[in-house]
Amino acid sequence: MTITIRQEHPNDYIETENVVKKAFDQAEMSDGNEHQLVEKIRKCEAFVPELSLIAVDNEPNTIVGHVILSKIKIKDEEEECDSLALAPVSVMPDYQKQGIGKSLCRQVIVQAKELGFNSVVVLGDPGYYSKFNFEKASNYNIRAPFEVPDEAFMVLELKDDALKNVSGVVEYSQPFYE
């Protein structure tokens, strides 16, 4: 099996949404609407096309994974800071546990750094995301806009001290609230 990671293109959208839907079909912590979230993110101002990546199995040339980062803000009473949200990461069930999700995450983080972004926020499994150096957002006094377990709401600095003077509540783009 040879996997290629590349930027998602509009002609990939339908197949990608199918991958996202199937990836979350049996997921414990899913509302089953992750594929709709991806579709809505692509249509809003928070979408960064360069940060929507797919994993393609070269034989038979099929999309088997997807990751997307979208723009968010971290706001307190006085200031706001631009950041990114990682959500969702999707891998087809038959391809899970083979490192595809990790490869997608690593690549999208590298690309976000190259594009000049400062940080990424994720709500997810701390055991998984700590592998990419995510740490509790509460360490930076950054909070979710809804009730979540402290250890599951995490942040990653893409530049040294990028969050040194940042605190507040994450403001996701509109699709996350629909």
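**Notes on the predicted model**

1. Let's start with asparagine 133: its relative accessibility is 59%, so it counts as exposed. For the cut-offs, exposed means over 50% relative accessible area, buried means under 20%, and partly exposed is in between, with a 1.4 Å probe and protein chains only. Asparagine 133 sits in the loop between α4 and β6 (135-136). Helices here are DSSP runs of H or I with at least four residues, strands are runs of E with at least two, and both are numbered from the N terminus.

2. Before going on, some housekeeping. This is a predicted model, in which local features need pLDDT of at least 70 and side-chain atom pairs count only at pLDDT 80 or more, while totals for chains, interfaces and linings use all residues. Residues are numbered from 1 along each chain as its sequence is written, and side-chain values use heavy atoms, with hydrogens and water left out.

3. Back to the backbone. Most residues other than glycine have a negative phi, and most peptide bonds are trans. Asparagine 133 is not a glycine, yet has a positive phi of about 75 degrees. Asparagine 141 also has a positive phi, about 60 degrees, without being a glycine. Asparagine 141 belongs to the loop between β6 and β7 (142-143), and it counts as partly exposed because its relative accessibility is 43%. Have a look, too, at the peptide bond from alanine 87 to proline 88, which is cis with omega near -15 degrees. Proline 88 is part of strand β4.

4. Which residues of helix α2 (residues 34-42) are buried? They are Glu34, His35, Leu37, Val38, Ile41 and Arg42. Viewed down the axis of α2, these buried residues fall within an arc of 155 degrees, so they line one face of the helix. That arc is taken from the directions from the helix axis to the C-beta atoms. Their cover includes α1 (13-24), β2 (47-57), β3 (62-75) and β4 (80-91).

5. Glutamate 39 is also in helix α2, but it is partly exposed, at 29% relative accessible area.

6. Aspartate 12 is worth a click. It lies in the loop between β1 (3-7) and α1, and counts as buried because its relative accessibility is 7%. Its side chain makes a polar contact of 2.8 Å with the side chain of arginine 6. A polar contact is a pair of N or O atoms within 3.5 Å; within protein, one must be able to donate a hydrogen and the other to accept it, and residues adjacent in sequence count only if both atoms are side-chain atoms. Leaving out residues up to four places away in sequence, aspartate 12 touches Arg6, Gln7, Ile54 and Ile63, where contact means heavy atoms within 4.5 Å.

7. Now serine 83, in strand β4. It is buried, with a relative accessible area of 1%. Setting aside neighbours within four places in sequence, the contacts of serine 83 are Ser70, Lys71, Ile72, Ile74, Ser119, Val120 and Val121.

8. How much space lies in the largest pocket? About 1700 Å³. A pocket is an open set of points on a 1 Å grid over the protein atoms alone, with protein on both sides within 12 Å along at least five of seven lines, and lining residues have an atom within 4 Å of a point. Grid points are joined across faces, edges and corners, and the volume is the space filled by probe spheres set on the points. There are 45 lining residues, and Phe24, Met29, Val89, Leu123 and Tyr129 are the closest to the pocket's centre. β4 gives the largest share of the lining, 7 residues.

9. The second largest pocket holds about 180 Å³ of space. Among the residues lining it are Lys71, Ile72, Asp82, Ser83 and Phe117. The largest share of this lining, 3 residues, comes from β3.

10. One last stop is proline 60, in the loop between β2 and β3. It counts as exposed because its relative accessibility is 61%. Proline 60 and threonine 2 are 58 residues apart in sequence, while their C-alpha atoms are 9.9 Å apart in space.

How values were computed: On a 1 Å grid over the protein atoms alone, a cavity is a set of points where a 1.4 Å probe fits but cannot get out, and a pocket is an open set with protein on both sides within 12 Å along at least five of seven lines; lining residues have an atom within 4 Å of a point.
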